[in-house]
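Hi,

Here is the structure I promised to pass on. Have a look at it first, and then read on for what turned up.

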Amino acid sequence: MPGHRSFDRSLELYARAYELIPGGSQTNSKRPTAYAYGAFPIYAQDAEGARIQDVDGNWYVDYILGLGPITLGYCYPEVDDAIREQLGRGIIYGLLSPLEVEVAERVCEMVPCAEMVRFLKGGAEVTGAAARIARACTGREVILNNGYRGWVDGWGAQYSGPEKGVPGCLAGVIDGWDRYDLGSLEAKLQEHEGQVAMVSIDPASGGSTVPEGFHQGVRELCDRYGALLMYDEIVTGFRMAAGGGQEYFGVTPDLACFAKGAANGMPLGIVCGRAEIMRKAIDDVTISVTYGGEALSLAAGKAAMDVYRAEPVFDTIWATGERLMQGFEELGEKHGVPLHCHGYAPMSSQTIDYEDKELARDVWTLLLQEMAQRGVLLRRGGLLFITYSHGEAEVEETLHALDASLAVIAEAVDDGTVKKRLRVTDVQESFRSFT
Ligand SMILES: Cc1ncc(COP(=O)(O)O)c(C=O)c1O
């Protein structure tokens, strides 16, 4: 029932966190101020399937899903059984785990570019490893990158030119190009002729669909200028298809990185690629972490990959995503709210397209607030992640909640009461924008 969910315990915990944890959380996009602070749950205590429970005891259909790693659903029996079984036999050894071989075999069977595989933990680690491999392999230093690859220095040198705390000299070995503009990529390859080790891109981002022939064009340019092509499949991997965006688009890169979705929530990062590149580079460079062969994540990865191969996981995720996208568009139109969906169904994004940017931002906050009150957790702007566990009941509940929430929004926009209806609490930090 709208209006009856309270977040007292969440808010009390966050007040303590705010004094102890810089930024309040470990992940920028999980900061409560990125949602509807005061009118949205903050801390979770339980989850199952497509649903999550906050510390105040409220249950929700979840589309935030750890920001993407949950593909099968929370507490998916096959994966959790495999973790429990391995837990009884040890978490990590000084000796190697046979799971390293078994998971590597599965990755090579599923992912078109994968002939050899290394395991790390998070996305930033594997994209950093790919950059080092490409530089070592080509003897070149410049990377032409488009998009977010993780928080570490090598990538941070490119963002906001460069970020504070990142050595400025690193900006000389990384450059950008305009997404979906092959002319811009070629101009950069010419500007840095003979110096480009790698071109890196995520095969699809949430914001839009990829123009016909684009990936083929990038592949050809890389070949012409002697640069390796790396796909960051951290969002697209184990989501668009079993073999990621490269399977979906039919273009094979030289290297690829996976993390979210590799092990249904356990931290398993994968860098893989052509054997001659992987073998040569790994012989010449240091890529080594203590937790690289940690067996619980590998057990989860093996179990998740077996489900990916045995069941219609990705067809189901696509179908559920398409129903939701269609429902969002239809309900937006019904209520005269310019709510639009973009990109691909397993990971679409949403925009609210009022010309007045402040109104658009406030309406987003009101939408998050109203949906949370009706038991659905969305993320500002998407991505609307979907799992194999989002079934008919969850879709119905989501669209029902959206219908009612958009009715409130339409009325609020009409009578100019959007701000008045927000039950968000002001914290000092909420003046920063995380969208
Ligand atoms: C496309 C992409 N690459 C890399 C990363 C970094 O991954 P991680 O946060 O695990 O370091 C992210 C994180 O959201 C991502 O979306």
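Which residue in β2 is the bridge partner of Ala44? In β2, that partner is Asp54.

Before going further, a word on the model. It is a predicted one, where local features need pLDDT of at least 70, side-chain atom pairs count only at pLDDT 80 or more, and totals for chains, interfaces and linings use all residues. Residues are numbered from 1 along each chain as its sequence is written.

Back to the strands. β1 and β2 (residues 51–54) run antiparallel and are joined by four bridges. They belong to an open sheet of four strands, ordered β1-β2-β3-β13, with mixed pairing. Its edge strands, each pairing on one side only, are β1 (44–48) and β13 (376–377). Two strands count as paired if DSSP finds at least two bridges between them. Helices (H or I, at least four residues) and strands (E, at least two) are DSSP runs, numbered from the N terminus.

Next, the domains, with bounds that come from an automatic or database domain assignment. Domain 1 covers 8–74 + 312–431, and domain 2 covers 92–293. Their C-alpha centres lie 30 Å apart. Domain 1 puts 17 residues into the contact and domain 2 puts in 16 residues; contact means C-beta atoms, placed from the backbone, within 7 Å. On the side of domain 1 that touches domain 2, α11 (313–335), β12 (347–352) and β14 (382–385) each supply at least two residues.

Among the residues surrounding the ligand are Gly122, Thr127, Tyr148, Arg149, Asp202 and Asp232, where near means a C-beta atom, placed from the backbone, within 6 Å. Helix α4 (residues 123–138) gives the largest share of this shell, three residues.

Finally, helix α13 (residues 392–414). Its 23 residues should span 33 Å at 1.5 Å a residue, and its end C-alpha atoms are 33 Å apart, so the two agree; the expected span is 1.5 Å times one less than the number of residues. Buried residues of α13 include Glu394, Leu402, Leu406 and Ile409, buried meaning that 20 or more other C-beta atoms, placed from the backbone, lie within 10 Å of a residue's own. The buried residues of α13 pack against β3 (59–62), α11, α12 (357–373), β13 and α14 (418–421). After α13 comes Gly416, with a positive phi near 65 degrees.

Cheers

Definitions and conventions:
Contact = placed C-beta atoms within 7 Å. Buried ≥ 20, exposed ≤ 12 C-beta atoms within 10 Å, placed from the backbone.
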